[in-house]
Amino acid sequence: MGYVPDAVITRLRGSGNWGIYFQLLTVPRLRLWSGPSNINQTMPGIDTTGPELYRGVRLNEEQLGQFDIMLNGGAERGTFTLEGVSQDSIDKISGIDPEVKGARVYLGLASHGDDWQPLSDIIRFQSGRADFWSMEQPVSGGEGAATRTLKLAVALGETGRSRPRRVAYTNPQQQLIYPGDTFCQDVTRYHRGYICTWPRF
Amino acid sequence: MADTLDLCQITPTEIGIDIAGQAIEGGRSMSGVTQAINYSGGGYVVVNYGGINLVDRAQHLYWNSLAGILNGGVTRMFVPLWTDKLLDPTKDYTTNSAVAAAAAVFATTISITPPAAYDPEPGLWFSINHGGTVDHRAYRVVTAVDAGASWTLTIRPPLRAAITTADTCRFHRPLCSMRLAAGQSLPWSWTAPGAWGAGELPLVEHF
């Protein structure tokens, strides 16, 4: 069995039910998923003490963006938006101004069966670092409804706002895919473009 | 605690009850077949009570008080689902069924013990009062298997909260925590000389 379980690969070949999962490693952690109501799920390697409650955010079709899979450390920046936030929630969030900078962000998906039960743990396919959060409420004229939107800007891969991040491949990621492999254990010592001298013995 | 909608006051003549959810499709293939992916997590309950004729003063008054509660689309109410057409007229559904085994949040298979008066047939709607902020939620029976002491049901949408054996399932006019659909309001209008008014009540499940 590979990183993606065989049963899930079979489901990927056809039509099916899917859940998109999001986790922000602040204190306390923010766990969200695309469905309407709450669900217990596990993000392997992140939720280390068993299944946790993921809150439903009722993702709508227009909100569904697209992500590029990180290739050779090159990736793009991402923005997660949450629309239709209540004034009450905005007031609460503005009051405490949550510290998100540098918090890890994980995005994953899981295949759900025809009865909507998840077929596997969450399969992580993107990770990033949160930079800042913001909110906006564009003024709408006439009969348009005003929508409050909460945004979280995230650096994916090695992109950064001020300077390039150093690490794109991480040892924990490598351990998740190939347990025990030591190939990436020194990766934090190098930045992109660094010329490694082949050791002479 | 939210108010419960009094169906007998508004007497809708057009009733629509549904579970809304969406699948998105990929690009069209050469053979014309597309793949669909559903991210909706099982969908949510949508109720549309239309063709509401307001005749007497009490009904006009109730419509106005209802508009006062629901307008704005944020305040929720416990809305009875008018599923009488599904019920067997020879049976008494007013006794609730008991939950026979605990089930986790988002489960779609539950076990219940109905009273002797009726069977939980596929296609029926029922509701469970989860308490807390979740309160009453409506579910649709998809399959029902008689397992001797209890019945095993598969339901849609998935459970909104965990259930225990202390909970009950209400089959007669099941309740659902709902609010007015986005962008809708309940204008009060009537026509002279008959002084009849007509209205529509579009509702969605509250979260």
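Let me begin with G16(A), whose bridge partner in β3(B) is I37(B). That bridge belongs to a pairing of β1(A) with strand β3 of chain B, residues 36-38, which run in the parallel sense over 2 bridges. Strands are DSSP runs of E with at least two residues, and helices are runs of H or I with at least four, numbered from the N terminus. Two strands count as paired if DSSP finds at least two bridges between them.

A word on the basis of these values. This is a predicted model, in which local features need pLDDT of at least 70 and side-chain atom pairs count only at pLDDT 80 or more, while totals for chains, interfaces and linings use all residues. Residues are numbered from 1 along each chain as its sequence is written, chains are lettered from A and ligands numbered from 1 in the order in which they are written, and side-chain values use heavy atoms, with hydrogens and water left out.

Let us turn to the interface as a whole. With contact taken as heavy atoms within 4.5 Å, 27 residues of chain A and 21 residues of chain B take part. The size of an interface is often given as the accessible area lost when the parts come together. Here the buried area, that is, the accessible area (1.4 Å probe) lost by the two parts and summed over both, is about 1900 Å², and carbon and sulfur atoms give 57% of it.

What is the count of salt bridges between chain A and chain B? It is 0, where a salt bridge requires a side-chain nitrogen of Lys or Arg within 4 Å of a carboxyl oxygen of Asp or Glu. Polar contacts, by comparison, link 9 residue pairs across the interface, both residues at pLDDT 80 or more. The rule asks for a pair of N or O atoms within 3.5 Å; within protein, one must be able to donate a hydrogen and the other to accept it, and residues adjacent in sequence count only if both atoms are side-chain atoms.

On the side of chain A that touches chain B, the elements giving two or more residues are β1 (16-24) and β3 (39-41) of chain A. The most comes from β1(A), with 4 residues.

Within chain A, β3(A) also pairs with β4(A), in the antiparallel sense over 3 bridges, and Q41(A) has E52(A) as its bridge partner in β4(A).

Over all chains, the salt bridge count is 10. One joins the side chains of D47(A) and R31(A), at 3.1 Å from N to O. The two lie 16 residues apart, D47(A) in the loop between β3 and β4 (52-56) of chain A and R31(A) in strand β2, residues 30-33.

Finally, the backbone. Most residues other than glycine have a negative phi, and most peptide bonds are trans. The bond from V27(A) to P28(A) is cis, with omega near -5°, and P28(A) sits in the loop between β1 and β2 of chain A. A cis bond also joins R156(B) and P157(B), with omega about -10°; P157(B) is in the loop between β10 (150-156) and β11 (168-170) of chain B. W116(A) has a positive phi, near 70°, and belongs to the loop between β6 (104-112) and β7 (123-136) of chain A.
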